[in-house]
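Thanks for asking me to look this one over. Could you open the model alongside this note and follow the points in order?

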Amino acid sequence: MSHEIAPQTLWTGDYYNEGAGKEGLFDKLKEECGVFGVFGHPDASSLSYYGLHALQHRGEESAGICVSDGEEFHYHRGMGLVKEVFDKDMLSSLSGSISIGHVRYSTSGDSKLTNAQPLVFKYRAGDLAVATNGNIVNAPQIRRELEESGSIFQTTSDTEVIAHLIARSSKDLVEAAKDAFNRIVGGYAFLIMTNDKLIVASDPHGLRPLTMGKLGDAYIFASETCAFETIGAESIRDIEPGELLVLDREGLHEDRFEEKKHRKALCAMEYIYFARPDSDMNGSNQHAARKRMGSRMALESFVDADIVTGVPDSSISAAIGYAEQTGIPYELGLIKNKYTGRTFIQPSQELREQGVKMKLSAVRRVVEGQRVVMIDDSIVRGTTSRRIVNLLREAGATEVHVRITSPPFKNPCFYGIDTPDRRELIASSRTVEEICREINADSLEFLTPEGLIASIAGDNEEDYKGGLCLACFDNDYPTRLDFNGEEKFGCSC
């Protein structure tokens, strides 16, 4: 039983956030997806709704939930935000105790309803639903091989590759899934559901986050622990790299599809930017880690100023840390308007700039006549930083000193983050001094890699040696990337 809704036509593109991440007003990086799973709760669909709502920041383009009642699937997918895709009547029709849910951005995968997840299939053993966060680097190569041997693909999503590998196997579901995961290379967190089973898996490096919780006797899985808080579940632990969990009528079975032979490499950008500040990863709270980044930034690159302000929302915690370390007052110098997501963006440059001001405003009474330290988490193309610096100057700031709580972002991501071509990354071709002039700042400094690792680790720095993927900063990718020209980056999950 399925329900799908047609796109809306009220703004640029056919629906809110169509093709999000490529040509927006702000060149912030985009996390591609969030996943949420439930096993053993009679109200699985409602739990998934609230869980996905908590993960909305990880994908605003489409949402979907698939539920099993033990005999058949009930699912619904749509373009837009979770609260727009689902209503009370829809959720009540999604009956069952097992569910997987998904929120999505698209980058290299097409932005259309057919790619919205969970993807649902019929195969020899029954029904199969799959949801993932991440990117399979060798997906084009595998896809070509499958097509040459007769497979017909319905989507441009990486996720369908896994479904085909499982469906073509003569082994049982669990063994087929293990074989499939051993064929793919990349960063991913998978939820795979049949009528009576839920399979949970994390890539061999743990590049994409995935965690487990419990609500009564039910097991809950989510990209971030903030989703557990929303539904009142208890956080249990992170899913380990290469781990495969199977949940069925007999309970939870802990297994692996690959032995522990790779270094753990959780994406550092989760700590810097993507994850919500109330989420925990590897035992580290994101708000606390970002405060330490700000504090370390102050120790590494102090500048005398009158006020400290953070670019909302992800840099607020770091700005507080910088202010506490320096004694310079933290002020709310920038305000984000949370209600302009659907404003129509006019094509002219003049109105584009007006659109920026609708989304972000400088508080004139706070910054006027002040020397401002502006804390931000990253610089991608540089256009966003320049616009924000100019906002502060237009509001009367006498000096604007920019401090970035990550190293220079020089390299594209192959594991599920929307990054432009290396040539578009401003730090790949310009020095810090050149970037400073480009963004019209009085000074610019980046956090060192050592400072970043120490900030994330806190009192447990030894546990984080080799535990992060810093490839976007240091070009040290944890997996193979070259697949005879058929590799890809970005995300099409």
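Below are my numbered points, going from the whole chain to particular sites.

1. First, a reminder that this is a predicted model. The chain has 493 residues, and 59% of them are buried. Its secondary structure comprises 16 helices and 26 strands.

2. The contact pattern deserves a glance before the details. Taking the contacts with a separation of 6 or more, 72% are between residues 24 or more positions apart. The accessible surface of the chain is about 19,100 Å², and carbon and sulfur atoms hold 47% of that area.

3. Next, the annotated site. An unreviewed UniProt entry gives the feature "binding site" at Ser314, Asp376 and Asp377. These residues are spread over 64 residues of sequence, yet they cluster in space, with a largest C-alpha distance of 7.9 Å.

4. Where does Ser314 sit? You will find Ser314 in the loop that runs between β19 (307-310) and α10 (316-326). Ser314 has a relative accessibility of 15%, so it counts as buried, the cut-off being under 20%. Leaving aside residues up to four places away in sequence, Ser314 touches Ile272, Tyr273, Arg290 and Asp377. With Asp377 there is also a polar contact between the two side chains, at 2.5 Å.

5. Asp376 belongs to strand β22, which covers residues 371-376. Is Asp376 buried or exposed? With a relative accessible area of 1%, Asp376 is buried. Its side chain makes a polar contact of 3.1 Å with the side chain of Ser315.

6. Now the aromatic residues. How many aromatic pairs does a search of the whole structure find? The search finds ten. One of them joins Tyr188 and Phe190: the ring centres are 5.4 Å apart and the planes meet at 65°, so this pair is edge-to-face. Both Tyr188 and Phe190 are buried. Ring pairs also tie these two into a cluster with Phe181 and Phe257.

7. The rings of Tyr273 and Phe274 have centres 5.2 Å apart and planes at 50°, so the pair is tilted. Tyr273 counts as buried at 19% relative accessibility, and Phe274 is buried with a relative accessible area of 7%. For Tyr273, do keep in mind that buried means under 20%.

8. Lys214 lies over the face of Tyr219, 4.5 Å from the ring centre.

9. Lastly, please look at Asn135 in strand β8 (residues 126-136). Asn135 is buried, with a relative accessible area of 0%.

How values were computed. Residues numbered from 1 in each chain as written. Predicted model: local features only at pLDDT ≥ 70, side-chain atom pairs only at ≥ 80, totals over all residues. Heavy atoms only, no water. UniProt positions renumbered as here; feature names shortened; annotations may be inferred. Helix = DSSP H or I, 4+ residues; strand = E, 2+ residues; numbered from the N terminus. Buried < 20%, exposed > 50% of the residue type's maximum accessible area, 1.4 Å probe, protein only. Contact = heavy atoms within 4.5 Å. Polar contact = N/O pair within 3.5 Å; in protein donor to acceptor, adjacent residues only side chain to side chain. Phe/Tyr/Trp six-rings, centres within 6.5 Å; stacked < 30°, edge-to-face > 60°. Lys NZ or Arg CZ within 6 Å of the ring centre and 35° of its normal. Areas by Shrake-Rupley, 256 points an atom, 1.4 Å probe, with all protein chains shown as cover.
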